[in-house]
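Open the model in your viewer and keep the sequence panel beside it. We will go stop by stop, selecting as we go.

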Amino acid sequence: GRIAMAAVVGTIVHNNHIVFDGYISPSNDLKFADIPTGMAGIAAVPTAGLAQIFLFIALLELAWLPASQYDGDYGVGWFGREITNPEELTRKLNVELNNGR
């Protein structure tokens with residue numbers, strides 16, 4: 001789910017020609033604006049850059065936010081705020097479940 005959401009946001013942003021300033025690879029003289037849209041964009045990114053992206057995503061998925069925690073409690077609270085009131089916590093968890101999470 002998280003990967004699909006990030007992919008959709010990336011597609012929307014990139015297809016609207018919103019790009020970072022500067023270089024994605026200074027050694028190859030490749031700017032962010034030079035990366036084409038769609039699947040051709042993957043081939044334009046240098047191999048070392050793709051490896052960095054995949055390793056970072058693997059770190060997030062396996063260490064920080066593992067998919068093995070089915071209850072969704074990753075210990076970061078509700079938007080970073082710890083909920084100490086049990087009634088409020090129960091209500092917010094029920095809201096999450098009712099909204100299909």
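Select H17, which follows helix α1 and has a positive phi, near 60°. H17 is a residue other than glycine. Its place is the loop between α1 and β1 (23-25). H17 is exposed, with a relative accessible area of 65%. Exposed means over 50% relative accessible area, buried means under 20%, and partly exposed is in between, with a 1.4 Å probe and protein chains only. Helices (H or I, at least four residues) and strands (E, at least two) are DSSP runs, numbered from the N terminus.

A note on what you see: this is a predicted model, where local features need pLDDT of at least 70, side-chain atom pairs count only at pLDDT 80 or more, and totals for chains, interfaces and linings use all residues. Residues are numbered from 1 along each chain as its sequence is written, and side-chain values use heavy atoms, with hydrogens and water left out.

Step back to α1, residues 2-15. This helix has 14 residues. From first C-alpha to last it reaches 20 Å, close to the 20 Å expected at 1.5 Å a residue. The expected span is 1.5 Å times one less than the number of residues.

Next, select D29. Where does D29 lie? Look in the loop between β1 and β2 (30-31). D29 is not a glycine, yet its phi is positive, about 50°. D29 is exposed, with a relative accessible area of 54%.

Now show the whole protein. Count four helices and two strands. From the N terminus on, they run α-β-β-α-α-α. Colour by burial: buried residues make up 10% of the 101 residues.

Last stop: the largest pocket, with a volume of about 1,400 Å³. Of its 34 lining residues, select the closest to its centre: A6, A7, G10, I53 and I57. The elements giving two or more residues to this lining are α1, β1, α2 (40-44) and α3 (47-64). The largest share, 10 residues, comes from α1.

How is a pocket found? On a 1 Å grid over the protein atoms alone, a pocket is an open set of points where a 1.4 Å probe fits, with protein on both sides within 12 Å along at least five of seven lines; lining residues have an atom within 4 Å of a point. Grid points are joined across faces, edges and corners, and the volume is the space filled by probe spheres set on the points.
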